[in-house]
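Please look at the structure below with this briefing beside you.

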Amino acid sequence: MPGLEEDVRQGLLRGPPRSLPPKYFYDARGSALFDRICDTPEYYPTRTEDALLAQCAGTIIATVRPRHIVELGAGTSRKTRRLFDACVSEQCHSGYAPFDVCHDVLVEAGGSLVNDYDWLTVNALIGDYHAGFEHLPRFDGHSLFVFLGGTIGNFSESEAVEFLSELRAHMQPEDRLLLGADRVKDPAVLHAAYNDAAGVTAAFNLNLLEVLNRELDADFIANSFYHHACYDPGTQRIEMYLVSKHRQSVHLHRLNQRLEFADGEAMLTEISRKFTPESLLALLAGAGFRMERHFEAPAGHFSLMLARPAEA
Ligand code: SAH
Ligand code: AVI
């Protein structure tokens with residue numbers, strides 16, 4: 001699995017456009033900024049998915065009755081609490097394994113979860129989910145794998161198929177996947193969600209430069225770049241960039257490299273794909289899953305699909 005240095009060589013030192021995988025957003029500050037994004041009035045996905053989960057968590061837990069809930073890219077686990085609440089009402093006390101690349105967010109969230117749910121055993125897994133699932137512990141009994149927030153949209157189509165296929169290969173026949181995905185909608189709503197007025201998304205995006213400065217002994221000046229996010233209806237995705245405000249050189253001392261940015265040069269830091277029910281079904285089918293239930297937010301603003309491994 002490539003680390004930061006390799007990803008920088010593959011993405012940042014090449015181009016156009018220069019690019020980096022989104023996992024580097026999530027140092028402690030980046031995770032805290034993402035959590036603040038979730039509370040901005042413009043960023044509808046979190047509260048929309050949370051409201052949907054509040055409605056359907058009981059049905060999901062009663063149907064699956066998992067012994068373990070394994071969450072990929074769990075972050076603060078704030079919405080997953082809907083599943084734990086349903087575990088209480090359905091008397092199904094499962095274990096919980098949040099899997100995330102950010103150590104700090106797992107430690108903080110784990111502490112508050114065991115405080116609030118005294119029956120819950122939290123087995124935090126720190127790592128990169130692109131490195132495969134063979135290192136995940138094998139739990140006794142069946143698991144509900146959870147991938148929320150629309151994070152699947154941060155993968156290209158081929159990355160998403162590869163990722164879900166690897167997950168499918170790791171799953172037992174009785175396991176289930178709960179996948180949250182954001183939906184295609186009015187471009188103005190999408191644009192606003194990634195351009196909040198308080199500038200929290202901009203700070204989240206620019207924090208990537210601080211990560212590079214710290215990890216690669218680089219000398220990015222955050223103030224010399226600006227946040228740009230736009231929705232492309234053709235590809236049905238948000239593209240998020242950091243744009244150079246002028247011509248500038250940046251040194252990556254640890255890699256002994258110098259980057260030359262042109263005035264207005266844009267570096268791609270994230271894509272966030274939006275789905276239709278059809279494109280989501282096709283993605284799941286392409287990765288070897290069969291959809292069992294589809295829960296939709298009002299006006300089709302967000303989808304939660306409960307899926308099982310398709311028979312080989
Ligand atoms: N599931 C939460 C958080 C979404 S933010 C929600 O729905 O609100 C995306 C999360 O995925 C972050 O917590 C980030 O640290 C984690 N993440 C991003 N890339 C990752 C990777 N390659 N491996 C593991 N976790 C990753
Ligand atoms: C984590 N992921 C689903 C978020 C999204 O909406 O694509 C990350 C994010 N980027 C900017 N705002 C939120």
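A nitrogen atom of ligand 2 sits 2.7 Å from an N or O atom in the side chain of Glu270. This is a predicted model, in which local features need pLDDT of at least 70, side-chain atom pairs count only at pLDDT 80 or more, and totals for chains, interfaces and linings use all residues. Residues are numbered from 1 along each chain as its sequence is written, chains are lettered from A and ligands numbered from 1 in the order in which they are written, and side-chain values use heavy atoms, with hydrogens and water left out.

**Ligand 2**

- The Glu270 pair is a polar contact, a term for two N or O atoms within 3.5 Å; within protein, one must be able to donate a hydrogen and the other to accept it, and residues adjacent in sequence count only if both atoms are side-chain atoms.
- Ser272 brings a polar side-chain atom to 2.6 Å from an oxygen atom of ligand 2.
- For Asn154, a polar side-chain atom lies 2.9 Å from an oxygen atom of this ligand.
- Alone, ligand 2 exposes 340 Å², and the protein buries 97% of that (Shrake-Rupley method, 1.4 Å probe; for residues, only the protein chains shown count as cover).
- Helices (H or I, at least four residues) and strands (E, at least two) are DSSP runs, numbered from the N terminus.
- Around ligand 2 there are 14 residues, and Tyr43, Asn154, Tyr194, Glu270 and Ser272 come nearest (a residue is near if one of its heavy atoms lies within 4 Å).
- By class, this shell has seven nonpolar, six polar and one charged residues.
- Here Ala, Val, Leu, Ile, Met, Phe, Trp, Tyr, Cys and Pro count as nonpolar, Asp, Glu, Lys and Arg as charged, and the others, Gly among them, as polar.

**Ligand 1**

- Ligand 1 has 18 residues around it, and Gly73, Lys79, Asp100, Asp128 and Tyr129 come nearest.
- Its shell divides into seven nonpolar, six polar and five charged residues.
- A polar side-chain atom of Asp100 is 2.5 Å from an oxygen atom of ligand 1.
- Asp128 places a polar side-chain atom 2.8 Å from a nitrogen atom of ligand 1.
- On its own, ligand 1 has 570 Å² of accessible area, and the protein covers 95% of it.

**The sheet of seven strands**

- This open sheet has the order β3-β2-β1-β4-β5-β12-β11, with mixed pairing (two strands pair if DSSP finds at least two bridges between them).
- Which strands stand at the edges? They are β3 (125–126) and β11 (289–296), each with a single partner strand, so one side of each has no neighbour in the sheet.
- Strands β1 (residues 68–72) and β2 (residues 95–100) pair in the parallel sense over five bridges.
- Opposite His68 stands Gly95 in β2.
- Helix α5 (residues 103–116) lies across β2 and β3, at about 160° to β2.
- Contact means heavy atoms within 4.5 Å.
- Axes are lines fitted to C-alpha atoms, for helices over the stretch in contact, and angles run from 0 to 180 degrees between N-to-C directions.

**The sheet of three strands**

- A second open sheet runs β6-β7-β10, with antiparallel pairing.
- Its edge strands are β6 (225–232) and β10, each pairing on one side only.
- From one strand to the next, the twist averages 20°.
- Eight bridges join β6 to β7 (residues 237–244).
- His227 has Leu242 in β7 as its bridge partner.
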